[in-house]
Amino acid sequence: MSKIGKEFIEKEDGARASRSVLVVSRDTSLIGSISESIGLKHIDLHIADDQAEAVGLLEQNDCDIAVIDIETIPGQELDLVSWIKMRQIRTEVVVLAGLHQLVVARSAMNS
């Protein structure tokens, strides 16, 4: 596990930290994989189908990481990433994109 990943899951004294991850996707396989991967690590998982639901969850929850699958929310990814960067300064954003979506993903992260 990378140092960043380990710090995310454990505090310096080795105790488990309670963290929060938002996944914006309609892909049930992706959601299932992420849920299975973090299920035992004391991490709260929030799932949103679209930009409106994601913003609502982010307004109610302090998320450490937002994972955005741009294939399942076409046309909303730029607005969502911009909103997160402006309002949720400490939230790290991970954009998942297919090869044909790299230009859009790059624009979203540079906005």
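**Notes on the predicted model**

1. Contacts first: residues 24 or more positions apart account for 69% of the contacts in the chain with a separation of 6 or more, a contact being heavy atoms within 4.5 Å. Bear in mind that this is a predicted model, where local features need pLDDT of at least 70, side-chain atom pairs count only at pLDDT 80 or more, and totals for chains, interfaces and linings use all residues. Residues are numbered from 1 along each chain as its sequence is written, and side-chain values use heavy atoms, with hydrogens and water left out.

2. On confidence, the chain averages a pLDDT of 76, and 70% of the residues score at least 70; pLDDT is the predictor's confidence in each residue, from 0 to 100. Where pLDDT is low, the predicted coordinates should not be read in detail.

3. As for the layout, you'll find five helices and four strands, in the order α-β-α-β-α-β-α-β-α from the N terminus on. These are DSSP runs numbered from the N terminus: helices are H or I with at least four residues, strands E with at least two.

4. Now the strand pairing, which takes at least two DSSP bridges between two strands. β1 runs parallel to β2 (residues 43-48), with six bridges joining them; Val21 has Leu45 as its bridge partner in β2. Four bridges join β1 to β3, also parallel, and here Val23 stands opposite Val67. β3 is in turn joined to β4 by five bridges, again in parallel, with Ile65 partnered by Glu92.

5. How much of the chain is buried? Buried residues make up 38% of the 111 residues, where buried means under 20% relative accessible area, exposed over 50%, and partly exposed in between (1.4 Å probe, protein chains only). In β1, five of the six residues are buried, so this strand is largely enclosed by the rest of the structure.

6. Leaving out residues up to four places away in sequence, Val24 touches Ala48, Asp50, Ala54, Val67, Ile68, Asp69, Thr72, Ile73 and Leu80.

7. Gln51, Ala54, Val55, Leu57 and Leu58 are its buried residues. They cover an arc of only 165° around the axis, which puts them on the same side of α3; the arc is that of the directions from the helix axis to the C-beta atoms. The face turned away from this side carries the exposed Ala52, Glu59 and Gln60.

8. Last, a look at Val81 in helix α4. Why does Val81 count as buried? Because its relative accessibility is 0%. Its C-alpha atom is separated by 9.5 Å from that of Gln51, 30 residues apart along the chain.
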